[in-house]
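Dear colleague,

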Amino acid sequence: IGVICILLCLAVGIANLFHLDIIILFGIICIISGLILIFVEVPLLLRICPTSSTFDNFIRRFTTNYMRAAIYGVMSLIQWLSLIRYPTSLIAAAVLLLLAAMCYALAGLKGQGFVGSKTLGGQGVAQMIV
């Protein structure tokens, strides 16, 4: 769900940049959320892309299910707030981000450890590069 959230946030964020009111701000926030999620969900990018140590430390906070649920939940809440003005396609990002937050929270409650994917640059890939 995380990778789909990335794509959806970027897509609907760009699509909502063409409004001529406050929705532009929510579109920009959605794009930024998508970019942050890229680094959260694809840890290999932290090793490849030149980023500051402050940004790296911020992204490394989200390694547990509960922290991922929190960031997805906050991002979802921000997109739900875009409905204050009027409904747009940002609601799709809000719904999917909320679904991802609930999945991570449920995994945390069940005591399941986070499992990284080698396809997305998890533990195994990162160690191969070093």
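**Packing around helix 2**

Helix 2 and helix 4 (residues 53-60) pack at an angle of about 75°, with their axes 9 Å apart; axes are lines fitted to C-alpha atoms, for helices over the stretch in contact, and angles run from 0 to 180 degrees between N-to-C directions. The two helices, helix 2 and helix 4, are therefore roughly perpendicular, a term that covers angles of 65 to 115 degrees. Ile36, Phe39 and Val40 in helix 2 meet Phe55, Phe58 and Ile59 in helix 4, where contact means heavy atoms within 4.5 Å.

This is a predicted model, in which local features need pLDDT of at least 70 and side-chain atom pairs count only at pLDDT 80 or more, while totals for chains, interfaces and linings use all residues. Residues are numbered from 1 along each chain as its sequence is written, and side-chain values use heavy atoms, with hydrogens and water left out.

Helix 2 (residues 23-41) also packs with helix 6 (residues 90-109), at an angle of about 35° and with the axes 11 Å apart. On the helix 2 side of this contact are Ile23, Phe26, Gly27, Cys30, Leu37 and Glu41, which meet Leu90, Ala93, Leu97 and Tyr104 in helix 6.

Gly13, which lies in helix 1 (residues 2-15), is buried, with a relative accessible area of 0% (buried means under 20%, with a 1.4 Å probe and protein chains only). Leaving aside residues up to four places away in sequence, Gly13 touches Leu8, Gly27, Cys30 and Ile31; between Gly13 and Cys30 the C-alpha to C-alpha distance is 5.0 Å, although they are 17 residues apart in sequence.

Notes
Helix = DSSP H or I, 4+ residues; strand = E, 2+ residues; numbered from the N terminus. Buried < 20%, exposed > 50% of the residue type's maximum accessible area, 1.4 Å probe, protein only. Parallel < 35°, antiparallel > 145°, perpendicular 65-115°, else oblique.
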